[in-house]
Amino acid sequence: MNSHNRTYEITDDMKTALLSWYSVNKRELPWRETGDPYHVWLSEIMLQQTRVEAVREKFIEFTSELPDIPSLASCDDDRLMRLWEGMGYYSRVRNLKKCAAVLMDKYEGQLPEERDELIRLPGIGPYTAGAISAIAYGRPAAAVDGNVMRVLARLFGMEDDIRDAHTKQMMEEIIQHSYDSWAPDRDTVRDFTQAWMELGALVCVPNGPPHCSECPFEHVCTACLEQATDRIPYRSPLKQRRIIEKTVLIIRDGEHFLLHKRPATGLLAGLYEFPSVDAVLSVREALDEAERMGFEPLHIIRLPDSKHIFTHLEWHMRAYEIRTASPLTCAEDCILADKKDLAQRAIPNAFQKYKDYYSLRD
Ligand code: SF4
């Protein structure tokens with residue numbers, strides 16, 4: 001059933017129940033302690049594709065190195081990539097820096113308060129804009145992420161596809177309208193916004209059955225009362241990912257490995273990687289490829305295969321280590337890295353298996 005023509009109301013009782021649940025159950029998270037807009041922004045960007053537990057540590061490390069917007073704006077790219085290493089989705093950190101530069105240039109190093117203004121900044125979409133405005137500044141702005149959508153869909157028994165942009169928009173309107181005849185103070189807005197997210201993360205969970213007996217909406221939630229939590233929220237199937245077969249060439253001499261810099265735009269832009277070709281190469285073809293790159297192979301071994309999944313594609317990787325007869329020299333767009341460099345450099349997660357293979361062995 002499509003819900004576009006129905007109206008949904010977050011009642012006063014629901015608001016009270018949610019807020020009192022949150023006051024007892026909220027987690028202590030480092031970015032919640034300060035309410036600093038920079039911290040709210042950074043944590044929201046980090047949390048976009050990464051689990052809270054992984055973000056917790058990274059957030060502390062990142063903010064101790066780059067404590068504010070000016071330090072982020074002036075951070076050298078290689079250092080920034082190293083600080084982000086392990087998080088994946090590197091376009092997030094590139095956009096953080098780009099946005100910090102705009103803030104320094106046009107906003108005196110501060111994040112603006114209004115959602116409509118935040119949304120125009122690099123890397124800040126509707127959800128993040130709402131989250132910064134509401135959580136950092138206590139402005140009544142909607143911040144609807146996957147957790148919030150799941151709770152709202154179940155609470156109101158909405159069967160619309162939550163991949164559909166209209167569904168998200170409808171949910172933003174529900175939250176926005178809940179402020180219409182309500183004048184909460186800034187702290188209440190902060191709590192109300194985070195309470196939906198927290199309920200979705202801890203109780204109305206994404207994987208496995210929701211913990212309805214612990215939920216403040218247990219007695220009013222449509223999906224719970226109608227035992228429909230296994231089909232709500234409805235999510236249409238994703239299109240199949242494109243599979244790219246690759247061969248990774250780990251070219252090394254006694255001391256150094258060859259790393260190639262990816263192009264400045266596109267997937268994993270500007271990061272260093274082991275050279276690769278988009279084809280499955282035999283041993284003979286891999287040796288030919290190394291020669292074509294200007295190296296004289298001494299011997300070759302096959303390394304374990306590996307696979308990396310991106311949002312829209314998968315890399316299926318075969319890999320060879322090729323030892324060269326003479327010391328490596330640097331080709332265009334390449335650098336030489338010893339084991340220490342290899343351990344410290346921000347090499348994309350896709351190559352983690354091979355990076356570990358060498359970092360962990362003598
Ligand atoms: S009652 Fe259950 S299904 Fe409904 S919002 Fe709470 S946890 Fe989710």
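This is a predicted model: local features need pLDDT of at least 70, side-chain atom pairs count only at pLDDT 80 or more; totals for chains, interfaces and linings use all residues.
Residues are numbered from 1 along each chain as its sequence is written, and side-chain values use heavy atoms, without hydrogens and water. Local features need pLDDT of at least 70 and side-chain atom pairs count only at pLDDT 80 or more, whereas totals for chains, interfaces and linings use all residues.

The chain is assigned two domains, with bounds that come from an automatic or database domain assignment.

Contact means heavy atoms within 4.5 Å, and the C-alpha centres of the two domains lie 37 Å apart.

Helices α10 (residues 146-156) and α11 (residues 165-178) pack with their axes 11 Å apart and at an angle of about 80°, and are therefore roughly perpendicular, a term that covers 65 to 115 degrees. From α10, Met 149, Leu 152, Ala 153 and Phe 156 meet Thr 167, Lys 168, Met 171, Ile 174 and Ile 175 of α11.

In helix α14 (residues 283-292), the residues Ala 286, Leu 287, Glu 289 and Ala 290 are buried, that is, under 20% relative accessible area with a 1.4 Å probe, protein chains only. Their arc around the axis is only 160°, so they lie on the same side of α14, the arc being taken over the directions from the helix axis to the C-beta atoms. These buried residues pack against β1 (242-252), β4 (276-277), β5 (297-309) and β6 (313-324). Gly 294, which follows α14, has a positive phi near 100°.

Technical notes
Axes are lines fitted to C-alpha atoms, for helices over the stretch in contact, and angles run from 0 to 180 degrees between N-to-C directions. Helices (H or I, at least four residues) and strands (E, at least two) are DSSP runs, numbered from the N terminus. Angles under 35 degrees count as roughly parallel, over 145 as roughly antiparallel, 65 to 115 as roughly perpendicular and the rest as oblique. Buried means under 20% relative accessible area, exposed over 50%, partly exposed in between (1.4 Å probe, protein chains only).
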